[in-house]
Amino acid sequence: MFYGGEPLLNPDVVKHAVSYIRKNDTNGVCKITMFTNATVITREMAEFLANNDVFVIVSMDGPAEIHDQMRCYANGQGGFEDTAKGYDTCKDAGCRLGISMVLGRHNIPELKEAVEYLINRFEPIDLGFSTLHLHQHGDNPAFVDIRLLTEEMIDTFRFIREKGVYAEHLFRRIRPFVEQQLRLKDCPSCGGKFLVTPDKSIGFCEAFLGTGHYYYPLESFDLSNEGYNEWKGISPVRREECLRCPSIAICGGGCPYDAWVQHGSINSLDTIRCQQSNILLEWLIWDLFDQIKGEIKEPLDIVIPEPAQRQRIYSNVNTTDEKLPLNSYSKYGEGA
Ligand code: SF4
Ligand code: SF4
């Protein structure tokens with residue numbers, strides 16, 4: 001995954017790295033995804049990305065009047081127009097494209113309308129819904145109430161599942177519930193992801209960049225690294241306070257960075273995502289009931305839903321489509 005900041009501010013490094021991967025990945029196992037705001041993308045770069053099967057995920061938060069509230073240039077001018085142009089350039093060049101949204105006070109409570117616009121205008125095959133992370137020092141002014149945010153996500157999901165659009169982040173909770181698989185980790189940073197920075201450090205989570213924690217010199221790093229093993233060990237099944245929680249099978253333990261900001265340890269509870277997981281679990285149970293209630297004959301019947309009945313929660317979304325981005329990333333820690 002290439003992300004920044006904005007990876008395309010250094011197109012030569014992107015080209016070099018992508019070419020290197022494609023040349024050396026003789027078995028074709030590497031999937032490359034790039035997060036970009038698409039404002040500086042050229043036709044030549046778009047063709048390069050398409051030819052090298054790089055999945056392009058463009059950051060967009062809604063139509064211009066929403067997007068430009070948060071995503072603007074240093075002079076305050078909104079970036080939507082350039083982002084939309086860059087998206088269209090990639091589409092014309094044949095790139096596979098998704099959209100990544102960050103949810104905050106600019107697009108909540110009208111998330112569904114914003115998503116409807118993005119789907120109709122851009123036709124992405126994947127949508128990401130990122131919940132904002134906490135600020136290490138002071139409040140994040142864009143934060144909205146987590147219950148309101150999660151209910152908006154659910155309402156929006158009801159709409160996008162009919163459209164067949166995959167929603168990364170939400171499926172990390174939905175899929176374990178539907179497939180009856182335990183999700184042991186929420187984020188691949190817990191043992192499945194390495195992050196390499198331009199100054200030759202290695203770490204696991206981008207939010208820790210600049211904090212002075214959990215980054216190590218690349219040349220002396222190996223898998224016996226203490227920090228790596230601390231991250232790798234994070235899982236709700238290892239926490240006493242999680243063992244009686246109804247969401248333990250779907251939550252994966254939340255975000256270690258936000259847990260660290262809230263409670264000073266990456267192994268603490270991320271209480272924001274705990275609340276979110278519990279709201280989602282309750283909705284999943286009621287949604288499943290709604291999907292099958294027509295087949296329940298007696299009011300006092302005990303019903304154990306079959307896999308096909310559970311999968312009705314997906315509606316028109318094909319969750320096994322290998323062309324979706326971040327497929328293995330999204331499933332990290334799932335199915336154990
Ligand atoms: S939702 Fe919170 S309390 Fe429940 S299992 Fe997950 S991390 Fe633990
Ligand atoms: S720990 Fe949290 S902030 Fe860090 S990569 Fe994972 S989800 Fe993102």
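Helix H9 (248–251) and helix H11 each supply at least two residues of the shell around ligand 1; helices (H or I, at least four residues) and strands (E, at least two) are DSSP runs numbered from the N terminus. The model is predicted: local features need pLDDT of at least 70 and side-chain atom pairs count only at pLDDT 80 or more, whereas totals for chains, interfaces and linings use all residues. Residues are numbered from 1 along each chain as its sequence is written, and chains are lettered from A and ligands numbered from 1 in the order in which they are written.

**Ligand shells**
- Of the 13 residues around ligand 1, Pro236, Cys242, Cys245, Cys251 and Cys274 come nearest; a residue is near a molecule if its C-beta atom, placed from the backbone, lies within 6 Å of it.
- The shell around ligand 1 divides into 7 nonpolar, 4 polar and 2 charged residues, where Ala, Val, Leu, Ile, Met, Phe, Trp, Tyr, Cys and Pro count as nonpolar, Asp, Glu, Lys and Arg as charged, and the others, Gly among them, as polar.
- Ligand 2 is surrounded by residues including His133, Cys187, Cys205, Glu206 and Cys255, and its shell has 6 nonpolar, 2 polar and 1 charged residues.

**Cys274**
- Cys274 lies in helix H11 (residues 271–292).
- Cys274 counts as buried because it has 20 C-beta neighbours inside 10 Å; the class requires 20 or more other C-beta atoms within 10 Å, with 12 or fewer for exposed and partly exposed in between.
- Apart from neighbours within four places in sequence, Cys274 is in contact (C-beta atoms, placed from the backbone, within 7 Å) with Cys251, Gly254 and Leu269.
- Cys242 stands 32 residues from Cys274 in sequence and 9.8 Å from it in space, C-alpha to C-alpha.

**Sheet**
- An open sheet of 5 strands has the order S1-S2-S3-S4-S5 with parallel pairing; two strands pair if DSSP finds at least two bridges between them.
- Strands S1 (32–36) and S5 (166–168) each have a single partner strand, so one side of each is left without a neighbour in the sheet.
- Strands S3 (residues 97–103) and S4 (residues 126–131) pair over 5 bridges, and Leu103 has Thr131 as its bridge partner in S4.

**Domains**
- The protein chain is divided into domain 1 (7–168) and domain 2 (181–295 + 305–317), with bounds from an automatic or database domain assignment.
- The domain centres, taken over C-alpha atoms, are separated by 21 Å.
- Contacts link 13 residues of domain 1 with 17 residues of domain 2; H6 gives the largest share of the domain 1 side, 7 residues.

Notes:
Contact = placed C-beta atoms within 7 Å.
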